[in-house]
Amino acid sequence: GRPKRRPKSADAKRTRGLYCPLWHQRFGINDFFNMTEKPLIIISSRTGNTLAVGHAVCDALPGAVMMRPSEVPEDLSSYNPVLLGFWCDRGDAPEDILRIAPRLRNKTIGCFATMGGDPEGEKSKAWMQKTSEKLVAMGEGNKLAETFLCRGRIDPEVFQRMTDMLGGTVSPEREAGRRLSETHPDRLDLDRAAQIFRGFFGGSW
């Protein structure tokens, strides 16, 4: 007869929908959960932009586990490095990431984010560095290892709210930026994010 399926572990059930399928295909579920320290990717995503980047990074790091802030366990001793994925929320990281950051202790941390604006602009780069350093400093004994920032599709609700604040009109520049962001994160963004974090963490984990 047909072999019986082995029941899923509690860890596999908890991370369903956010786990990294390529790791499971290459190495198997038992190896995935028996590592002494696993990379942990914590994702806050509103429109799916940051989640897409997170999946690319997760597939690039052997053994990585990805989950939302609400799913993060109390005991984080088996996770290192920790990567925080977030979006630009009114000039800061979103509240769920801000609540998680103080719980991190003695971790090597990487940060990646998406935003509707130009990620290569000086203000954008300064925001990413400042926000990442703030998150790392909210815990104790942490070290910021690497960051990555790319464009992401703008939430229509957020765009409309900003438009209302600006008097209800959309300048050609804002409309051009919105249209450009609609196509991101694209394959080049995802590949670059994967390469950056694989290059830094891949040799150690």
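Student: Which residues in α9 are buried?
Tutor: D189, L190, A193, A194, F197 and F201 are the buried ones in α9. Buried means under 20% relative accessible area, exposed over 50%, and partly exposed in between, using a 1.4 Å probe and protein chains only. They sit on the same side of α9, because they cover an arc of only 130° around the axis; that arc is taken from the directions from the helix axis to the C-beta atoms.

Before we go on: this is a predicted model, so local features need pLDDT of at least 70 and side-chain atom pairs count only at pLDDT 80 or more, while totals for chains, interfaces and linings use all residues. Residues are numbered from 1 along each chain as its sequence is written, and side-chain values use heavy atoms, with hydrogens and water left out.

Student: OK. What does the face of α9 turned away from its buried side carry?
Tutor: Exposed residues: R187, L188, Q195 and G199.

Student: And what do the buried residues of α9 pack against?
Tutor: Against α4 (49–60), β3 (79–87), β4 (108–115) and β5 (143–151). Helices (H or I, at least four residues) and strands (E, at least two) are DSSP runs, numbered from the N terminus.

Student: How far apart are the end C-alpha atoms of α9?
Tutor: They are 21 Å apart, which agrees with the 21 Å that its 15 residues (187–201) should span at 1.5 Å a residue. The expected span is 1.5 Å times one less than the number of residues.

Student: What caps the N-terminal end of α9?
Tutor: D186 does, with a side-chain oxygen 3.2 Å from the backbone nitrogen of L188.

Student: Switching to α4. Is T50 buried or exposed?
Tutor: T50, which lies in helix α4, is buried at a relative accessible area of 1%. Beyond its neighbours within four places in sequence, T50 is in contact (heavy atoms within 4.5 Å) with I43, S44, S45, G85, F86, W87, F112 and T114.

Student: Now the sheet. How many residues of β3 are buried?
Tutor: Nine of the nine, so β3 is largely enclosed by the rest of the structure.

Student: How many bridges join β3 to β4?
Tutor: Six, and those two strands run parallel. L84 stands opposite C111 in β4. β3 also pairs with β1 in the parallel sense, over five bridges, and there the partner of L40 is V82 in β3. Two strands pair if DSSP finds at least two bridges between them.

Student: Which residues touch the most other members in the largest nonpolar core?
Tutor: Of its 25 residues, those are L40, I42, L84, F86, C111, M128 and L135. β1 (38–43), β2 (65–67), β3, α5 (95–100), β4 and α6 (122–137) each supply at least two residues of this core. A nonpolar core here is a set of buried Ala, Val, Leu, Ile, Met, Phe, Trp, Tyr and Cys residues joined through side-chain atoms within 4.5 Å. There's also a second, separate core of 19 residues, which includes I41, L51, F197 and F201.

Student: What does L135 touch, leaving aside its neighbours within four places in sequence?
Tutor: L135 is in contact with L84, F86, A93, I97, L98, A101 and C111.

Student: Last one: how many helices and strands does the protein have?
Tutor: Nine helices and five strands. Of the protein's 205 residues, 43% count as buried.

Note on methods:
Polar contact = N/O pair within 3.5 Å; in protein donor to acceptor, adjacent residues only side chain to side chain.
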